[in-house]
Every structure is written in C-alpha cells, then in structure tokens.
Amino acid sequence: MATATTKLPASLRDVDGSREARRLRRAGQIPGVVYGGGEDPVALQIEVLTLRRVLAHAGQIVDLDLDGTTIPVLLKDTQRHPVNGEPVHVDLLRVRMDVAIQTTVVVELVGFDDAPGAKEGGVIEQVNRDVTVEALPGDIPDGLQLDVSGMEVNDTLTLADLIAPSGVTLVDEPETVLVTCTPPRLEVEPTDEIEEETGLVGEGEAAPAGEAAAESGG
C-alpha cells in the first residue's frame, strides 16, 4: 500500500505569465500550482530532476515540502511538451488523510508468459491501463495486478476480474474491458501459383485499338 513518505521539495514562485514560466523551465524549474483543501491556490516551482523522480508516483500521495511546510498532496495532473514529452506544468491537490478520494492507478499484467492463448500465438492486449479507485489517501495502492495466466484465445478480462485490496473500491463499471486475447494475425504471402496466374491474365489482355487495327489491315 502507498504511504505518504515520498518527499517533493518545492518553493513559492511569483505568477508572472508565460514569459516567466519559460524562464523557469530554461533554469531547470517546472512551474506548478497546489490547490484544494478549502484554501487558495498557491503557485510554486519544482526542480525538474526531482519532479521526474516523483512522477513515478503519479496518482499517489506525496509530501509536498513547500519552503519548510509539509502538505500531503495528490499529483493530480502533469502537462507535457507535445514533442519531447518533458513536463511543463504540474497540478497538485491538497488532501486530508482522513477523507477518501478518487484517483487512477495503473493495472499491471502478470502471468503473461503462462497464458495458453499467448502460447498459441494469440495477441494479449491491455485495453485499459488505468482504473479509478476510491480510498483514504494512505490506502491508495501503488498499482493493481491482474493475472492473465489463464487467458485463452478470444478471452476477455473486465474490471470484475480485478481484485482490489481491503479499503479500496473500484469506481469504474464492472463491464469495463481491461484485457483481450485475439486470435493470431495471419499474413498472406503471394505464392508462385498466384503470380503465374497474374502473368497469364496479363498475357490474355486485349491489344490496344491502334495495334488491333494495324494487324487487321496487314
């Protein structure tokens, strides 16, 4: 289970438009905001290398160290550059450890190599990688595991097949498809026989009108 032990150092920043945000990014700092909890939003900045490490816990509770003040927060949203994928802005949500919240967690597939469908050449595809859960902040799991070792070709696993730990409620519809196992994809390659027939068809095509007229005149 997740615990609020991951530290995220940050410092206050002045809100001064997009030009200031670009200057911060050039200096290795990522602008962000922390909001919620009945308090006013606060603009902050986080060192980019630190943020990259903490983003591994996206969707989990971390301890925001804002100029010496510790605040439990949820990494709510990260905006990324459309080309290089680097974070350009982060939204943090204040939480109370005694109040349940909803967030998304990653579903990890286990037992892939043992699945009969995969051994037969079937394609196991994870349709949804995240699911929404509700729990106290301290009970939010780092992720959920789904066993696919029993999947046959044409099998489907839904949210109803996912087991949540005690204190965690799965919010999405039970019929939500998580994983499918489709039949092997067959690749049809042209055979010599097909190529020979294609050549014969070409040989039997009518001659252009001009050539036909010349032949009849001769």
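Here is a short chat about salt bridges and backbone angles in a predicted model. Local features need pLDDT of at least 70 and side-chain atom pairs count only at pLDDT 80 or more, while totals for chains, interfaces and linings use all residues. Residues are numbered from 1 along each chain as its sequence is written, and side-chain values use heavy atoms, with hydrogens and water left out.

Biologist: How many salt bridges does a search of the whole structure find?

Modeller: The term here means a side-chain nitrogen of Lys or Arg within 4 Å of a carboxyl oxygen of Asp or Glu. With that cut-off, searching the whole structure gives a count of four.

Biologist: Which residue forms a salt bridge with D63, and in which strand does that partner lie?

Modeller: D63 pairs with K7, with 3.6 Å between the closest N and O atoms. Strands are DSSP runs of E with at least two residues, helices are runs of H or I with at least four, and both are numbered from the N terminus. D63 belongs to strand β4 (residues 61-66), and 56 residues separate it from its partner. So the answer is K7, in strand β1 (residues 7-12).

Biologist: Is D63 buried or exposed?

Modeller: Buried is under 20% relative accessible area, exposed is over 50%, and partly exposed is in between (1.4 Å probe, protein chains only). D63 comes out as buried, at 11%.

Biologist: What parts does the salt bridge of R52 with E86 tie together?

Modeller: The closest N and O atoms of R52 and E86 are 2.8 Å apart. R52 is partly exposed at 41%, and E86 is partly exposed at 29%. The two sit 34 residues apart in sequence, so the pair ties together helix α2 (residues 48-54) and the loop between β5 (69-80) and β6 (87-94).

Biologist: Which residue meets D98 in a salt bridge?

Modeller: The N to O distance for this pair is 2.8 Å.

Biologist: What is phi of D67 near?

Modeller: Most residues other than glycine have a negative phi. D67 lies in the loop between β4 and β5 and is partly exposed, at 49% relative accessible area. Its phi is positive, near 50°.

Biologist: And what is phi of N154 near?

Modeller: N154 lies in the loop between β10 (143-147) and β11 (156-158). N154 is exposed, with a relative accessible area of 56%. This is a residue other than glycine with a positive phi, near 80°.
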